[in-house]
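Keep the sequence and the 3D view side by side.

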Amino acid sequence: DDVILTLWSACFDPYRAASEKARATFLLVFPGMEDRKCDRAGGQKGVDGTLASNLYASCDPKALRILQAGLKRTILSSPRDLSDKNDDDETVKNRYERTLVMALHGLGTLLRHKPEAGELSEYQQFFGKKQFWNLISSKNSRIRNSMFAFFTDLMGIEDPSSLAGVLPKMANAILSYGLKEQVRDNVGRMWDAALTFMRMFPNFHEQIDVRKSVYPRIWSMIDSGFFGAEDLSCPKLLPLISLLPASYEGYNIKNDKRVELIQKLMQHLNREPLATVGDGLRFELIVQAILECSSFMLMWVNKGQKQGGVNDDTSPALLQLQVFVLHDAVLRNLVPKIVNHLNSEIDAFRSLKRRAIPALATLLVQGIKLKLHNSISSILSELLKLSFRVLSTPSNNAIEHIDRFFKEFFECAAAFPSLLLCDPIVDSAKQLFSWGLENFADAQSGSQVYLHRTLHKIIEIVDGTAYYD
């Protein structure tokens, strides 16, 4: 039994060489098992599910119970419990971290691949221990990382309803304490655990006060610049806002914390220059997050109208929400920021085209569906003026980048031709069209392809046949 506990734990050793030797030895003890590629993230995340499944199939039930009891005992142990009598403080700390990481991953894998459904009765006492839940706020970042992984594994069990008894504690651990995470290496796992919990248990807000626990953590995250991990956290804000509780009944924009989230992002955009981070620009990542969250809010309104969730009393408040999204967030705040950003760095379009411009096209189409023509026309007019400036700037790739926006937006907006006939759009389009004709012959061959396609899109807006001929 001790051999199984030692070998199984060692398969999850954060040191790759040690874990590989442990797996090889484990296969000698259980030769019928299949060794598959391990899933790693921030250390050894866990062996393939086949290994755990075969362990359940090959091991005596009594030995399995002893194995799980040993892992639980290890997790609840103190640092000194896991060390030798003569170990110094540093050795005690390192051994505790390594042993606990192995035990958490080992137990999480067993739970995730537990073959029988039903109540986790044998874990009731374990989940009742304060020592276990306190690990999510451990000063040791690797232990917190392993706790996030453990929670994600736990939510992967065959019958999630068996977790009903621990949901309040899970909600508090993951959403209240977990969202405080500041260490970059842990942020990905933090979001995995939080979003998985919110998706799996959509009534999570009944287990925790979202206004007092979740939102303050998000505000702190945004105010701190996402602790330097915008590239990891910003893409998670769209799924987050889509899972946060909201109601059409008695809707009031002042009480909608999702609106405050967008406002916080705009404040962050205004606060300081946003330099390069990860695989993109901080500017691009924040812009994308604002656009995606704003698009979702318009989709939410549209859904309520289609499903009849919007009544006469609620409708004016939701109209105020639409005005906020399109006028305050995008037209008055975001579009000028994009223009100023591109004025200082024309090549920024190479970055913006990947995320921000497609997200902007999606948002405008949502506005079209809600028949918010005046706001959309004003935004599109500003973008067409920006396009003219970009095309007038010597840059081999400028036309390619602005073409990305035209392509996505006009394909989506094809079903709304009346929108494209608004005066601000027509005037800007004519100016752009005239410039395109004058400069077409001088453009490089690669740019001509994009310019030609852009001109055809403009013809669809205005009666440009005479110009083109």
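What follows is a walk through helix packing, salt bridges, a surface patch and some loop residues.

This is a predicted model, in which local features need pLDDT of at least 70, side-chain atom pairs count only at pLDDT 80 or more, and totals for chains, interfaces and linings use all residues. Residues are numbered from 1 along each chain as its sequence is written, and side-chain values use heavy atoms, with hydrogens and water left out.

Start with the helices. Helices (H or I, at least four residues) are DSSP runs, numbered from the N terminus. Find H11 (residues 210-223) and H14 (residues 257-271): their axes lie 9 Å apart, at an angle of about 15°. Each axis is a line fitted to C-alpha atoms over the stretch in contact, and angles run from 0 to 180 degrees between N-to-C directions. H11 is therefore roughly parallel to H14. That label covers angles under 35 degrees; over 145 is roughly antiparallel, 65 to 115 is roughly perpendicular, and the rest is oblique. The crossing of H11 and H14 is right-handed. Right-handed means that the near helix is turned clockwise from the far one by less than a right angle; left-handed means anticlockwise.

Now turn to H8 and H10. Their axes come within 9 Å and cross at roughly 25°. H8 and H10 are therefore roughly parallel to each other. Here the crossing is left-handed.

H4 (residues 61-75) packs on H5 at about 140°, with the axes 9 Å apart. The angle makes H4 oblique to H5. H4 and H5 cross in the left-handed sense.

Next come the charges. Side chains of opposite charge can pair when their charged atoms come close. A salt bridge here is a side-chain nitrogen of Lys or Arg within 4 Å of a carboxyl oxygen of Asp or Glu. The count by this rule is eleven salt bridges.

Where do Arg-98 and Asp-13 sit? Arg-98 is in helix H5 (residues 89-112), and Asp-13 is in the loop between H1 (2-10) and H2, so their pairing ties together parts that are 85 residues apart in sequence. The closest N and O atoms of this Arg-98 and Asp-13 salt bridge are 2.8 Å apart. Is each partner buried or exposed? The cut-offs are these: buried means under 20% relative accessible area, exposed means over 50%, and partly exposed lies in between (1.4 Å probe, protein chains only). Arg-98 is partly exposed at 33%. Asp-13 is buried at 4%.

Glu-181 and Arg-144 form another of these bridges, at 2.8 Å from N to O. Glu-181 lies in the loop between H9 (167-177) and H10 (184-200), while Arg-144 lies in H8 (residues 141-154), so this pair ties together parts that are 37 residues apart in sequence. Glu-181 and Arg-144 are both buried.

Arg-95 is partly exposed, with a relative accessible area of 31%. Asp-87 is buried, at 15%.

Val-3, Leu-28 and Val-29 make a nonpolar patch of about 300 Å². Patches take residues with over 30% relative accessible area and no salt bridge; nonpolar side chains (Val, Leu, Ile, Met, Phe, Trp, Tyr) are joined within 5 Å, and like charges within 9 Å. Accessible areas come from the Shrake-Rupley method with a 1.4 Å probe. Leu-28 belongs to helix H2 (residues 16-29). Its relative accessibility is 71%, so Leu-28 counts as exposed.

Compare Leu-265, in helix H14. Leu-265 is buried, with a relative accessible area of 0%. Leu-265 and Ile-286 are 21 residues apart in sequence, and their C-alpha atoms are 6.8 Å apart in space.

Finish in the loop between H11 and H12 (230-233), where Phe-226 is found. Phi of Phe-226 is near 55°, a positive value in a residue other than glycine. Phe-226 is buried, at 1%. Phe-227 lies in the loop between H11 and H12. Phe-227 has a positive phi of about 55°, although it is not a glycine. Phe-227 is partly exposed, at 27%.

Conventions
Helices (H or I, at least four residues) and strands (E, at least two) are DSSP runs, numbered from the N terminus.
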